[in-house]
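Please find below a colleague's note, arranged as numbered points. The sequence and the structure come before the comments.

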Amino acid sequence: GDTMISLQQYVNQMRPSQRHILYITERSRRHAMQSPLIEGFRRDGYEVLLMTDPADEFALQVLREFGGLELLSATAHAAASG
């Protein structure tokens with residue numbers, strides 16, 4: 001979706017087979033949405049958190065998992081998968 005959601009809301013909406021919280025960091029929502037990774041993940045039924053606030057970069061250094069699920073960069077996931 002295009003609205004702000006909490007990590008808990010994201011986890012509640014995840015596909016049962018999804019094992020990671022996927023995110024992408026960019027300087028703006030517009031830039032994040034232009035990433036070819038977003039289209040591929042959405043086509044496959046996965047949501048990707050768009051992290052566009054400068055504080056998000058810091059938060060990701062501290063918060064590595066949520067609810068037992070690893071936060072994983074969509075870029076890293078795509079590189080490891082393909």
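1. Which side chains meet in a salt bridge? Those of E47 and R42 do, at 3.8 Å from N to O. A salt bridge is taken here as a side-chain nitrogen of Lys or Arg within 4 Å of a carboxyl oxygen of Asp or Glu. Side chains of opposite charge can pair when their charged atoms come close.

2. The model is predicted, with local features requiring pLDDT of at least 70 and side-chain atom pairs counted only at pLDDT 80 or more, while totals for chains, interfaces and linings use all residues. Numbering runs from 1 along each chain as its sequence is written, and side-chain values use heavy atoms, leaving out hydrogens and water.

3. The largest nonpolar core has 19 residues, and Y10, I21, L22, Y23, F41, V48 and L49 have the most contacts inside it. Such a core is a set of buried Ala, Val, Leu, Ile, Met, Phe, Trp, Tyr and Cys residues joined through side-chain atoms within 4.5 Å. Two or more residues each come from α1, β1 (20-25), α3 (36-43), β2 and β4 (69-73), with β1 giving the largest share, four residues. Helices (H or I, at least four residues) and strands (E, at least two) are DSSP runs numbered from the N terminus.

4. Beyond residues up to four places away in sequence, I21 touches L7, Y10, V11, M14, L49, F66, L69, E70, L71 and L72; contact means heavy atoms within 4.5 Å.

5. The largest pocket contains about 590 Å³ of space. Among its 23 lining residues, T3, M4, I5, L49 and L50 are the closest to its centre. A pocket is an open set of points on a 1 Å grid over the protein atoms alone, where a 1.4 Å probe fits, with protein on both sides within 12 Å along at least five of seven lines; lining residues have an atom within 4 Å of a point. The volume is the space filled by probe spheres set on the points, which are joined across faces, edges and corners. At least two lining residues each come from α1 (7-13), β2 (49-51) and α4 (54-62).

6. M4 lies in the segment before α1 and is exposed, at 85% relative accessibility. Its C-alpha atom is separated by 9.1 Å from that of L49, 45 residues apart along the chain.

Terms used. Buried means under 20% relative accessible area, exposed over 50%, partly exposed in between (1.4 Å probe, protein chains only).
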